[in-house]
Amino acid sequence: MMGHQKPVQYCRFLFYVTAAVCLGQMLSFASAASPISEAERQKKEAEERYEAVNGEAEDLEKKKGEAAVQAGQLDKELTDLLTDMDLLETDMSDMTRQIEKEEEEYQKAEEKRKRQYEILKKRIQYIYEEGDVTYLDILLKAKTIGDVINGNEYFQQLYEYDRKLISEYEKTKNDALGRKEVLEERQSELQSLKQEYGVREKTLRNMITKKRAEESDFDRRLRAAKAEAGSQAEIIRKRTEEIRLLQKEEERKREEERRAEEKRRAEEERGAKEQNSGPGRIKSTGGSEFGRNVADYALQFIGNPYVWGGTSLTSGADCSGFVQSVYRHFGVSIPRTSAEQAGFGREIAYEEMEPGDLVCYPGHVAMYIGGGRIVHARSAKAGIRVDDNPAYRTIVSIRRPW
């Protein structure tokens with residue numbers, strides 16, 4: 001019995017020893033594998049964090065780029081607005097001085113007309129009271145042929161005197177009326193400038209209010225934009241002055257041609273007087289066929305009304321609505337406002353200007369037709385008309401829309 005129990009106990013002992021050895025090996029293996037798994041886990045987490053951070057950096061870089069573009073656009077919009085307003089203020093000041101000068105000249109002409117009218121009125125009163133001098137009176141009172149001759153000379157003298165009085169009065173009256181018309185045109189154009197200035201000012205105020213709330217450093221940007229706008233406005237004014245000097249030289253050459261060709265000068269003067277008497281009288285000159293076609297089409301609407309905000313070539317259009325509708329007829333789409341049109345198409349040098357090109361001013365736009373002339377919806381007083389001086393105001397840009 002005892003012999004039988006010993007083998008059993010020995011087997012149990014071997015089993016426990018073997019189990020202990022296996023358990024120890026398993027524990028040893030587990031303790032050896034644990035640091036590797038932890039390292040791999042940490043590595044994976046680090047890679048995930050790296051990818052997340054890298055993605056955030058790319059997003060931030062993208063947003064930074066977008067912010068830079070937006071900031072650049074904001075700076076440009078601010079500068080353009082402030083430049084336009086600066087130039088508009090200059091043109092309004094110039095127009096105000098012109099109005100004061102025209103007002104003074106008109107008052108002088110009107111006073112002269114009144115004086116001549118009083119003289120003419122007294123002369124008519126004298127003739128009425130004294131009785132009209134006629135050839136019959138001279139013949140009936142004449143005793144000799146010499147009396148007839150002397151009487152006829154007297155009659156001629158009276159006739160010439162009266163004719164001179166009437167002629168001088170008519171000339172003075174027409175001068176006064178002409179100056180009054182110019183004065184009214186200047187006043188109407190000043191009103192258009194003020195309207196455009198009001199639009200630009202409202203746009204600027206809205207932008208400042210909105211952007212100041214969005215950007216902490218907006219005031220700094222605004223100061224920088226004002227400084228840049230001042231520089232840009234000065235450059236534009238200098239460029240316009242250079243254009244005016246070029247124009248004076250062109251006028252001098254044209255004057256020499258007019259003196260050399262008397263017949264052509266007379267035709268030009270007659271054409272200038274009739275330029276607004278009806279459509280189709282003026283034709284564009286020079287440049288490309290397409291540009292001339294555009295300009296000639298625009299010239300059909302001379303004499304039609306100016307209407308603020310209008311786009312109708314017959315019922316009424318403002319300056320930008322006029323040129324937009326003209327180009328629409330040829331399938332060319334251009335922006336609606338004069339400010340947008342000043343940045344549309346290709347920039348053209350003054351010396352290379354051709355019919356169909358847009359001459360852009362602060363708050364206004366005209367179309368060049370060649371020969372140193374423009375057609376435009378000028379003001380409520382002037383309507384759609386042709387003028388001889390493209391640089392009559394500060395030129396911001398010359399654009400070719402096609």
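**Figure 1. The residues around the largest cavity in this predicted model**. Glu189, Ser192, Leu193, Tyr306, Trp308, Cys319, Gly363, His364, Arg378 and Arg393 form the lining. Here a cavity is a set of points, on a 1 Å grid over the protein atoms alone, where a 1.4 Å probe fits but cannot get out, and lining residues have an atom within 4 Å of a point. By type, the lining residues split into four nonpolar, three polar and three charged; Ala, Val, Leu, Ile, Met, Phe, Trp, Tyr, Cys and Pro count as nonpolar, Asp, Glu, Lys and Arg as charged, and the others, Gly among them, as polar. The space inside comes to about 70 Å³, taken as what probe spheres set on the points fill, with grid points joined across faces, edges and corners. Searching the whole structure turns up one cavity of 30 Å³ or more.

Some ground rules: numbering starts from 1 along each chain as its sequence is written, and side-chain values use heavy atoms, with hydrogens and water left out. As this is a predicted model, local features need pLDDT of at least 70 and side-chain atom pairs count only at pLDDT 80 or more, while totals for chains, interfaces and linings use all residues.

Figure 2. A nonpolar core is a set of buried Ala, Val, Leu, Ile, Met, Phe, Trp, Tyr and Cys residues joined through side-chain atoms within 4.5 Å; buried means under 20% relative accessible area (1.4 Å probe, protein chains only). Helices (H or I, at least four residues) and strands (E, at least two) are DSSP runs, numbered from the N terminus.

**Figure 3. Met367 and its contacts**. Contact means heavy atoms within 4.5 Å. Setting aside neighbours within four places in sequence, the partners of Met367 include Val294, Ala295, Ala298, Val323, Val326 and Tyr327. Gly356, Asp357, Leu358, Arg373, Ile374 and Val375 are also in contact with Met367.

**Figure 4. Gln116 in helix H1 (residues 2–130)**. Gln116 counts as buried because its relative accessibility is 16%. Beyond neighbours within four places in sequence, Gln116 is in contact with Glu168, Tyr169 and Thr172.

Note on methods
1 Å grid on protein atoms, 1.4 Å probe; cavity = no way out; pocket = protein on both sides within 12 Å on 5 of 7 lines; lining within 4 Å. Buried < 20%, exposed > 50% of the residue type's maximum accessible area, 1.4 Å probe, protein only.
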